[in-house]
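Take a look at the structure below and follow it step by step.

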Amino acid sequence: MDIDPEDVFGDEDDPENEFYQERDATKEFLVYLVDASPKMFSTTCPSEDQKYVSHFEAAISCISVSLKTQIINRSYDEVAICFFNAKEKKNLQDLTGVYVFNVPEREDLDRPTARLIKEFDRVQESFSKQIGSKYGILPGTRDNSLYNALWAAQALLRKGSTKTADKRILLFTNEDDPFGNMKGVTKLDMMRTTIQRAKDAQDLGISIELLPFSKPDDDFNVSTFYADLLGLEGTNLAEFKALAVERFEDIKDQLRKRMFRKRKVRRINFIIAGGKSIELNTYAVVRPTNPGNITWLDSVTNLPLKAERSFFCSDTGALLQDPPKYIQTYKSENIMFTADEVSEIKRVSTGHLRLLGFKPLSCLKDYHNLRPSTFEVVGSTCIFIALHRSMLRLKRFAVAFYGNSTHPQLVALIAQDEIMSPSGQIEPPGMHMIYLPYSDDIRPIEEFHTDTNLAPRASEDQIKSASSLLKRIDLKNFSVCQFANPALQKHYAVLQALALDEDDIPDVKDETLPDEEGLARPGVVKALEELKICVYGENFKQEDDTMGSQKTSETSNKRKAVADNATKEYANYDWPKLADNGQLKELTVSELKHYLNVHNLPVGGKKEALISRILTQMGK
């Protein structure tokens, strides 16, 4: 198999994509548990358009947005939707008050589909007839719908291993005391068994998250029951209470912007002195969000196509069973390599992170950061914690050798301390891995002005005016995560409309456009006018008008000259005869444009398009 010599030892891996190599190794299994009791229908809350909707409708809306997000961002995640406190029952265990919502040709826990989303959006219309609502925990009965719901959700999440998948239960309810109607020993017994069922699920690696709805006149009190069910105590309980009111709206905003969850993307070994090593989990802090890959489908079955490649002998035409070998010509002799040998020759690094030494933080410059950093965290390893604390205390960063098999390089490890606020953790503890450049990557600064006296300089008044304007329009607490990519959102909106057979494409708000209302504030306008006067003088408006009129006049004269020339050249051709004889294609593009300019037709496009435009105008 002859190959390009330059390509034999080319890079197989793109360093920019190295953090997506383990993307398929971790997926998420998620069960939505929705309280369907009458209280969820009778209590209302304001929606985005300031209309009041029931808590049940708000939960359905949130789940619908989440499903649309998952089917785009993480299409291989699997979800299940389960209602509890329902009249009808539908689950594998035949438990009372639990209804697992699904569509035909789909398992209860499976990837989200367009049909599931379309039918789930209409579930409110038929809910009372097909599923129904009731109080699941009443005096005089041993029915415990919450216990049954956790049991059914745990059974749905038996699929897969916790090593390769994150398993979660997301619980929507506005009832902070589900056993409020019970009394005495019966109440204590039912609470104990329900909490034990939740702990059993957590012991199996299933996390339970609560999304509480607060009533208009009464906030959700998590301490009544759910603190024990979720295992919240001390600081964690205080943080949850602070977020209880805002958490639902916050999650809706995150889902609307289609933000990825922070997931582990690679596991590497950090080798320290003496052969000691620590296993680190790495996370991609900031990465660009790109549209999904194109999937080729069969035109008949609409199933994904699988590409296969076979090699045939050029002499006999026989199918080659053995792996092909590479040939490199050296001194008139063909040297053969197997694919494994080429891969081993190209292997420069083992992919481990090896500590080399330490330097003061002042030695690390901003321009040393080649691309987005990677964030590293570890469990409770004493060596890593001691190293992390020492680097913070001494204000040092570590220099290490790291890289994949084809792109080894030096990196800087910068320790980051944990930052807390009353509402929770803002920044986690860990280390940022900064990719350092080689000497060839740093280019010398070119001095365009050898004589500094000739370079234009701003005066003190101009600098003062510009600084005043910048202070007026400064964005407080700015973060790139606050703004969604409008082009990508439009792409998703079109995909959603096609998949769900929607007539209208959802409106996409472009949050990157200038804030015209903010720029029109009196303080900003005044600061802008002062800067203009300071830089251009008081007569800058008149100068701008004069320049604008000159540009308009030049443009008009140019167009008039083109039109006059086209009219002159147009008379030299018998256009109807050329069209009837099919001789228009023999003319050049410039000659065809004479006809188009005379008849005020567009002149853009290829030659075939111009001819078609001329024939259409002639009615031929």
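Start at leucine 229 in this predicted model. Setting aside residues up to four places away in sequence, Leu229 touches Leu150, Thr194, Ile195, Ala198, Gln202 and Ile208.

Now widen the view. Leu229 is among the residues with the most contacts inside the largest nonpolar core, together with Val31, Leu33, Phe225 and Tyr226. That core has 40 residues. Who supplies them? At least two residues each come from E1, E4, E5, H6, E6, helix H7 (184-203), E7 and helix H8 (226-230). H6 gives the most, with six residues.

Strands of a sheet pair through backbone hydrogen bonds, either parallel or antiparallel. Here five strands form an open sheet with mixed pairing, in the order E5-E4-E1-E6-E7. Which strands stand at the edges? They are E5 (98-101) and E7 (206-212). Each has a single partner strand, so one side of each is left without a neighbour in the sheet. From one strand to the next, the twist averages 20°.

E5 pairs with strand E4 (residues 78-84) in the antiparallel sense, over four bridges. Phenylalanine 84 has valine 98, in E5, as its bridge partner.

Finally, return to helix H6, residues 145-156. H6 lies across E4, E5 and E7, and also across strand E1 (27-35) and strand E6 (165-173). Relative to E1, H6 runs at about 160°.

Key: Residues are numbered from 1 along each chain as its sequence is written. This is a predicted model: local features need pLDDT of at least 70, side-chain atom pairs count only at pLDDT 80 or more; totals for chains, interfaces and linings use all residues. Side-chain values use heavy atoms; hydrogens and water are left out. Two strands pair if DSSP finds at least two bridges between them. Axes are lines fitted to C-alpha atoms, for helices over the stretch in contact, and angles run from 0 to 180 degrees between N-to-C directions. Contact means heavy atoms within 4.5 Å. A nonpolar core is a set of buried Ala, Val, Leu, Ile, Met, Phe, Trp, Tyr and Cys residues joined through side-chain atoms within 4.5 Å. Buried means under 20% relative accessible area, exposed over 50%, partly exposed in between (1.4 Å probe, protein chains only).
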